[in-house]
Amino acid sequence: MVKNGLKKGLALLLAVVMLSILPGCSSSTAKSDSEEKNSLANQKQVEVIKLSGGDWGYPTPYGIYPRGPGSRKMALIFDTLLATDVDGNPGAKLATEWEKSEDGLTYTFKIRPEVKWNDSQALTAEDVAFTYNYFKTIPPVNTPDFSKVANMEAVDVQTVKVTLTEADPKFLANMTSFYIIPKHVWESVADPVNYLDSKAVVGTGPYKLTEYSKEHGTYRYVINEAYWGSEPKAKELQFIPVSEEILAFEQGDIDRISITPDVMERFESDDEYEIMQYVTSWAYRLYYNMNTQPEFANVTFRQAVAYAINRDQLVEKIERGSAVAGNPGVLHPTSNKLYNSAVEQYANDPKKAEELLDSIGFKDTDGDKIRENASGEKLSFTLLADEGSTRIAELIKQDLSLVGIDITVQTTDSKTRDSRFAAGDFEMVINGSGGGEDLGEVTNVKKSAKATSTTAAVVGYHNPQVDQLYTDLQKTTDPAEQLKISGELQVLLAQELPKLTLYYKNTIMVHRPAVYDGWSPDTYHNDSRTNFVVE
């Protein structure tokens, strides 16, 4: 048997050691001598932290919205079976240790003893097995990948046995997104999506939900006195609606906000405030509908568009330099350890774009500065954007007009953009998200028993070689092999360009250290529990 155990005390010690020698994927501005003093472990407990609100669903595995911070609000209440340590590897959470059989087909987990649900009932292995079977029958909003799990059963009160259909190197990583729900609450619930009872938020996490208003977008959390871990640094978290975040922050109505580069100077010169900057993988990306627009199915056309769009200009004009130009190979060039620097970058070159368009017969034959296809139809397309990406769309329109492609920008709200994107109701679309670093987004590989969650089918892209490389990448645990396969996949994606990453946003946060200074240097989300709980 191969045994892997990680007690909480050891996990914390290793985390401190590793954080002292390893850079994180995100980075904040240095705190110099005050960094140790202001670490989360040394923070004094505060009564209330107030943050900007907004409705992101009822914080259960079934009630949260698919996009946005709903999952983080849920994680304040519920725990996963495993956590992710400082190296990105599976670590202890509700399971303190586990064993894997030599053939990789059986895992045995030991559940943390004396953990209680916030209604005072005891957590047992039966809750874990029940959660698996319940999720498999009625998948939650974000479904763990159970595709290779044959069975999960409680051997005794503290032991869970999992049997796989085949060895899965990603299995433990999948368990870090496996949120456990109480059997005694959910076993009688037939419609979990609409289950909004107060019992639905019975969890084992550090906080309890005491108030929620869908209409007003408000949440109130208080400490779960039965929490098994260290005591949270904030007794209460309030998410309240504000019309103007900066004004509300300056007036003390909320305690931390995200700011844009153009207002940094407003806070930089005042010692009352501290600014933290984070490099993130959150990005704006351009997608084409190859199902409805035959021009987009031509890889040379997509390459021409990549040469025509000035991504560096987008960074400077939209984000004032506080961003990283997009990598055609998808992965972030500085924060992703699998990044392949050898991929084609398509430096802005309108002349090259014109040459490529000429080579596939798209020419301006009537002198109106808009090219036509072989049928004489104008290269005129509608670019769908939401309010946050309209300026990006307008700059893209200008860039493409220089090479003979006519663009009409259509702006809508983000929810409408998302629904139209999912339905394939677009010609070109700008979508922003933090999950696009998953190379599987442009494959037709199913990630679970559910239908594929990728966009490949939506945009009409299918390349068996891309699918195979992604499948091979998911099967290997050897770092060198992962680097090799991922590198090949990035090269291919940069050639094919089924989507074009425009730029990755840096996130800039500002807070008052005198109010609270335990904000994570690695996670920029205000509502992440890592800001309030030492784990």
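Biologist: Which residues of H10 meet which residues of H12?
Modeller: In this predicted model, Gln313, Leu314, Lys317 and Ile318 of H10 meet Arg391, Ile392, Leu395 and Asp399 of H12. These residues divide into four nonpolar, one polar and three charged.

Biologist: At what angle do H10 and H12 pack, and how far apart are their axes?
Modeller: Helix H10 (residues 311-319) and helix H12 (residues 390-401) pack at an angle of about 140°, and their axes are 11 Å apart. The two helices are therefore oblique to each other.

Biologist: Is that crossing left-handed or right-handed?
Modeller: H10 passes H12 in a right-handed crossing.

Biologist: Why give both an angle and a distance?
Modeller: Two packed helices are described by the angle between their axes and by the distance between those axes.

Biologist: Then what are the values for H9 and H11?
Modeller: Helix H9 (residues 299-308) packs with helix H11 (residues 350-359) at about 165°, with the axes 7 Å apart. That angle makes H9 roughly antiparallel to H11, since angles over 145 degrees count as roughly antiparallel. The crossing of H9 and H11 is left-handed.

Biologist: Which residues meet there?
Modeller: From H9 there are Thr300, Phe301, Gln303, Ala304, Tyr307 and Ala308, and they meet Pro350, Lys352, Ala353, Leu356, Leu357 and Ser359 of H11. Eight of these contact residues are nonpolar, three are polar and one is charged.

Biologist: And how do H15 and H16 cross?
Modeller: The axes of helix H15 (residues 464-475) and helix H16 (residues 479-496) come within 9 Å and cross at roughly 160°. H15 is therefore roughly antiparallel to H16, and their crossing is left-handed. Among the residues that make the contact are Val466, Leu469 and Tyr470 of H15, and Ile485, Leu489 and Leu492 of H16. The contact as a whole divides into eight nonpolar, three polar and two charged residues.

Biologist: New topic: which residues touch the most other members of the largest nonpolar core?
Modeller: They are Phe109, Phe178 and Trp186, in a core of 67 residues. Helix H4 (residues 125-137) contributes the largest share of this core, six residues.

Biologist: What is Phe178 in contact with?
Modeller: Leaving aside neighbours within four places in sequence, the contacts of Phe178 include Leu81, Val128, Tyr132, Phe135, Phe146 and Met152. Asp79 and Thr80 are also among its contacts.

Biologist: What does the second core include?
Modeller: The second core is separate, has 61 residues, and includes Tyr288, Leu400, Val429 and Tyr503. In general, nonpolar side chains tend to be buried together in soluble globular proteins.

Biologist: Where is Val201, and is it buried or exposed?
Modeller: Val201 is in the loop between helix H6 (183-186) and strand E9 (207-213). Val201 counts as buried because its relative accessibility is 5%, and buried means under 20%.

Biologist: What does Val201 touch?
Modeller: Not counting residues up to four places away in sequence, Val201 touches Tyr58, Pro59, Thr60, Ile77, Phe78, Asn118 and Leu209. The C-alpha atoms of Val201 and Trp117 are separated by 10.0 Å, and these two residues are 84 residues apart along the chain.

Biologist: How does Ile246 count, with its relative accessibility?
Modeller: Ile246 lies in helix H7 (residues 245-250). At 22% relative accessibility, Ile246 counts as partly exposed.

Biologist: And what is Ile246 in contact with?
Modeller: Setting aside its neighbours within four places in sequence, Ile246 is in contact with Ile257, Val263, Arg266 and Phe267. The C-alpha atoms of Ile246 and Val409 are separated by 29 Å, and the two residues are 163 residues apart along the chain.

Notes: Residues are numbered from 1 along each chain as its sequence is written. This is a predicted model: local features need pLDDT of at least 70, side-chain atom pairs count only at pLDDT 80 or more; totals for chains, interfaces and linings use all residues. Side-chain values use heavy atoms; hydrogens and water are left out. Axes are lines fitted to C-alpha atoms, for helices over the stretch in contact, and angles run from 0 to 180 degrees between N-to-C directions. Helices (H or I, at least four residues) and strands (E, at least two) are DSSP runs, numbered from the N terminus. Angles under 35 degrees count as roughly parallel, over 145 as roughly antiparallel, 65 to 115 as roughly perpendicular and the rest as oblique. A crossing is left-handed if the near helix is turned anticlockwise from the far one by less than a right angle, and right-handed if clockwise. Contact means heavy atoms within 4.5 Å. Ala, Val, Leu, Ile, Met, Phe, Trp, Tyr, Cys and Pro count as nonpolar, Asp, Glu, Lys and Arg as charged, and the others, Gly among them, as polar. A nonpolar core is a set of buried Ala, Val, Leu, Ile, Met, Phe, Trp, Tyr and Cys residues joined through side-chain atoms within 4.5 Å. Buried means under 20% relative accessible area, exposed over 50%, partly exposed in between (1.4 Å probe, protein chains only).
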